[in-house]
Amino acid sequence: MNAPLPNPIRPAFDASTEGGAVVVNLGPSHPATHGTIQVVAALDGEKVRRVDVHCGYLHRGFEKECEAHTWHNLIPYVDRLNYCSGLINDFAYCAAVEKLMGVEITPRCKYLRTLLSEYSRVADHLTCIAASLMELGAMTPFLYLVMIRDYIYEHLAALTGARVTYSYGRIGGLARDLPDGWLARLDEILVQYEDFIGRVHALMDRNRIFIDRTRNVGTLSTADAIHWGFTGPILRSTGAPRDLRKDTPYLAYAELDFDVPVGINGDNYDRYYVRMREMDESVYMIRQLMRKLPEGPINVDDRRCTFPDKALVYSEIESLINHFKLVMEGPAVPAGEVYLAHESPNGELGFYLVSVGGGTPYKVHVRSPSFVHMGGVHRLLEGYQLADVIPTFGSVNMIGGECDR
């Protein structure tokens with residue numbers, strides 16, 4: 001009974017197998033790892049000789065938990081995958097279920113989902129860049145970026161009722177339409193964004209200290225990025241213009257004019273600059289979507305998945321029964337399987353769903369970019385200095401909620 005519990009982590013190496021190198025642990029509760037993750041590093045002086053990365057400390061049991069809830073009730077769970085851009089998780093999951101059901105969303109819903117996806121991408125990139133710069137000692141850019149991010153969070157709270165975990169997507173539509181004045185405030189925030197992003201460019205882009213800490217550090221080739229499954233800004237920083245919004249357009253992306261920024265060396269500086277440029281492209285797309293946003297309903301007229309109006313629920317027996325069955329039994333999703341992916345801020349976010357018919361899923365598997373990236377992140381850390389581990393890990397933007405199962 002008093003025997004010590006064995007360490008659940010078994011690194012791939014120790015000091016004896018690494019020729020007497022010093023083996024150190026970073027995490028799993030380290031303030032600079034952006035989540036609960038353990039980095040076991042073998043050091044030769046200040047140089048990182050070998051790295052073993054262990055994730056999975058959140059113990060969410062996300063995929064198994066999904067099998068015990070209705071298709072609708074999973075929306076709050078998917079919110080928490082990448083909690084910096086929860087709306088994109090919502091929309092990708094709902095789109096996968098809609099594909100299984102053969103549901104086509106309304107034009108206004110399609111444009112709103114696209115607009116809010118790009119707005120979330122800006123908030124996510126702001127968070128990543130702000131944290132990465134702060135860890136290099138750049139406090140002023142951190143405050144500029146976090147201030148704009150907070151404007152966005154408060155603005156999204158006015159629409160969804162929450163700052164981070166929104167539960168705003170619905171199978172077949174959205175929870176509610178835009179409130180009065182929401183687009184006018186969006187326009188103001190975009191103007192403020194351009195002002196403060198310009199200041200960050202001026203402070204950082206040619207800063208000698210920043211360049212010395214990030215250029216040719218954490219370098220990755222395109223071949224290695226593809227081999228290890230990297231997607232999103234990390235892959236694009238190597239020079240590969242791969243982006244699901246261009247390659248397999250979904251929502252309203254085929255109707256938008258935008259570029260896919262790429263880097264040159266695949267190093268920390270390129271990952272910073274690609275994200276900065278992607279935010280500019282997102283703002284450009286948001287302004288196009290604001291001009292093109294059509295009028296009309298935000299939810300499909302389909303009783304298999306859309307909740308009836310509250311007024312009808314209180315006054316009509318058919319609507320009351322429909323509401324009750326959707327809540328208690330869930331939407332009737334036909335038997336089948338589907339894989340559908342959206343371009344999240346960190347890369348390819350895909351949902352593989354299996355239905356045997358009925359209101360709850362048989363299987364939900366998520367291809368989350370952070371989990372895949374952790375399999376190859378050692379390629380970015382080995383051979384560089386111990387002090388480079390934190391800024392390199394920040395440039396990867398690992399999200400703990402995406403790493404668990």
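**Exercise 1: the strands**

Strands β2 and β3 (residues 47–54) run antiparallel to each other, paired over 7 bridges. Keep in mind that the model is predicted.

Task: work out which strands flank β2, and how covered β2 is.

Solution. Start with the β3 side: Val39 sits opposite Val53 in β3. The hairpin of β2 and β3 has 2 residues between the strands, and there Gly45 adopts a positive phi near 70 degrees. Next, take the other partner: β1 (residues 22–26) also pairs with β2 in the antiparallel sense, over 5 bridges. On that side, Asn25 faces Val40 in β2. Last, check the cover: of the 7 residues in β2 (residues 38–44), 6 are buried, so count a residue as buried when its relative accessible area is under 20%.

**Exercise 2: a helix and its cover**

Task: check the length of helix α6 (residues 182–204), then find what covers its buried residues.

Solution. Then list the buried residues of α6, among them Trp182, Leu186, Tyr193, Phe196 and His201. Finally, look at what lies over them: the cover includes α4 (107–135), α5, α7 (208–214) and α11 (268–292).

**Exercise 3: a surface patch**

Task: which residues make the nonpolar surface patch of about 260 Å²?

Solution. The patch is made by Met134, Met139 and Leu143. To place one of them, go to helix α5 (residues 139–160), where Leu143 is found.

Technical notes. Residues are numbered from 1 along each chain as its sequence is written. This is a predicted model: local features need pLDDT of at least 70, side-chain atom pairs count only at pLDDT 80 or more; totals for chains, interfaces and linings use all residues. Side-chain values use heavy atoms; hydrogens and water are left out. Patches are made of residues with over 30% relative accessible area and no salt bridge: like charges are joined within 9 Å, nonpolar side chains (Val, Leu, Ile, Met, Phe, Trp, Tyr) within 5 Å. Accessible areas come from the Shrake-Rupley method with a 1.4 Å probe; for residues, only the protein chains shown count as cover. A salt bridge is a side-chain nitrogen of Lys or Arg within 4 Å of a carboxyl oxygen of Asp or Glu. Helices (H or I, at least four residues) and strands (E, at least two) are DSSP runs, numbered from the N terminus. The expected span of a helix is 1.5 Å times one less than its number of residues. Buried means under 20% relative accessible area, exposed over 50%, partly exposed in between (1.4 Å probe, protein chains only). Contact means heavy atoms within 4.5 Å. Two strands pair if DSSP finds at least two bridges between them.
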